[in-house]
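Have a look at the sequence and the model first, then read on.

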Amino acid sequence: MTVPHARRPGRRLTTAQALVEFLAHQHTERDGRRQRLVTACWGIFGHGNVAGVGQALLEAEGALPFLQGRNEQAMVHAAVGYARQSDRLSAHAVTTSIGPGATNLVTGAALATINRLPVLLLPGDTFATRPADPVLQQLEHPGAGDVSVNDCLRPVSRYFDRITRPEALIPAALQAMRVLADPVETGAVTLALPQDVQAEAYDWPEEFFADRVWHVRRPAPAADALAEAVRAIRAARRPLVVAGGGVAHSGAEDALRALADATGVPVASTQAGKGSLHHAHPSDVGGLGHTGTAVADALARDADLVLGVGTRYTDFTTASGTLFAAPGVRFVNLNIAAADAHKMAGLAVVADARAGLAALAEGLAGHRVPAAYEREYAAGKAEWEAAVQRAYSWRDADARPTQAQVLGALDSVVGDEDVIVNAAGSLPGDLHKLWRSRSRRQYHLEYGYSCMGYEIPAAIGVRLAAPERPVWALVGDGTYLMMPTELVTAVQEGIPIKVVLVQNHGYASIGGLSEQVGAERFGTAYRFRAADGTYTGGPLPVDLGANAASLGMAVLRPRTVGALREALAEARAAERPTCVYVETGTADTVPGAPPAQAWWDVPVAQAATRPAALRAREEYERRASARRRYL
């Protein structure tokens, strides 16, 4: 008969205390550099977590620093900003109460998972033992007694578990750390914590609290796939690199630059990959796709081989399947995620971006693209730079600036160390076309989910990860109205983010799209509603600058393009959170940002009576006819 070993006495802690202690001992390591995996915990407390996780954080005395937020979704955005700036090697946790606090996490969780960025979610949950049923804020599901609102987080989490017994935390916590540290699997990780289990004591094995290192390795490409990729690139006459977010996550910028230097291959970038090369590098041709540059999109249309590095090939990048138009175009996809490497029916080179690029450079030694091709894209790059300069320029110092001129003024003020943060509205398109990225991690665009309200909290997260870098949140009025509350957090914590609040009195981006698809800007403007139900034009008497000031921000109000640069310079030098509030005008005397250089599929009404919709449908069918499947 087998006699089980006697269980060694452990440390008697509550489940929440054990979790906080466990997190304090988790590390990641890449390239010999070790850092804490979970470095802080954001929280808003209610009855579902105040006596559990809240008490545990207090008792831990700084082992896991606490950050106070104002909105649960915004706390996740801040954590995502932190994780991205930290190259996904460190993350934040977010704790909430049950009920609305927990469901407010869903949008942030989706954003984290779509963008492959790690964040640990610790929502409170209803009683596991059900002494009171239903408890306050409990969802009573008539067909399933074990369902709670936290189940909404399952489809948007890369890992989900509900800890219904203290000892169940041990395997769940280890799985949670594995997913957070895995560059392929990472995203939102949810450990739902019933409020009674949080406070329940248990004798925990000491081994649970030992220092643990999660190694983030750099897998090299398989020899046969690498050899085939090298042959394909050598045979191409018009190759194009598409640099995606995987370049930044891998820290592969130097390897990409070395490949470009050696081969002369042009490099276009997705929103997540912009900044992979310095804007002045001869091979950098700027953004690609619907929001891309004319030179990058022209190269894509005629490319005979596309080397995608760390890209997911979203619809904006491929112009909804219409951009890569050469009949025999081939794709070679270098990606650490096999699912992405196999897209576009491409040759899959499954590897870390930095390791893969170094291997490709070695295999391509002595190879260079035709000189005529280099001259062609150099001329296109120069033409586009002239277009950017025209959009940035101004002649009337007393006029209101256009949005492009706002970016031009900011471009003249920032240094290589600054970080700009944006996510939604018309700014992402203008930035992708116009912004001159000049250093690693300067360009921080969340465009996987393009979530309004992301910018301000994410800027806080970026600044926490890089306290030495000036951080700018670029926000339109529509986005600002979604989620300005974390300005209070910045003021409270003395985090000197700089907010550029662009007021154009409406949803400019979706308004323009509405006009293009025949919806005639319906519901996209801020207008007065009369007693008879009709609307009148003119801006609403809304002062968002005064709102920012009421939340504790220092607010600068440049009213002309001439005063704008001075205000931005003052904000950059400020040691407290500062907002530059600028109302934009129209591009009457200078051009705005150039229009889209490639299509984007937004379906248009197939049956309509209004002329605008009929015209839009004709254009839609013309554009859609160019779409292709890459097989």
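**Strands and helices side by side**

Strand β12 (residues 239-243) and strand β13 (residues 267-269) run parallel and are joined by three bridges. Strands count as a pair if DSSP finds at least two bridges between them. This is a predicted model, in which local features need pLDDT of at least 70, side-chain atom pairs count only at pLDDT 80 or more, and totals for chains, interfaces and linings use all residues. Residues are numbered from 1 along each chain as its sequence is written, and side-chain values use heavy atoms, leaving out hydrogens and water.

**The sheet**

- V241 has V267 in β13 as its bridge partner.
- Both strands belong to an open sheet of six strands with parallel pairing, in the order β14-β13-β12-β15-β16-β17.
- β14 (284-287) and β17 (347-350) are at the edges with a single partner strand each, so one side of each has no neighbour in the sheet.
- On average, neighbouring strands of this sheet are turned by 20° against each other, direction ignored.

**A helix on the sheet**

- Helix α11 (residues 294-302) packs on the sheet and touches β12, β13 and β14; contact means heavy atoms within 4.5 Å.
- The direction of α11 makes about 100° with that of β14; such angles run from 0 to 180 degrees between N-to-C directions, with axes fitted to C-alpha atoms, for helices over the stretch in contact.

**Two helices together**

- Helix α18 (residues 455-465) packs against helix α20 (residues 486-493) at an angle of about 30°, and their axes are 8 Å apart.
- I456, P457 and I460 in α18 meet E486, L487, T489 and A490 in α20.

Methods: Helix = DSSP H or I, 4+ residues; strand = E, 2+ residues; numbered from the N terminus.
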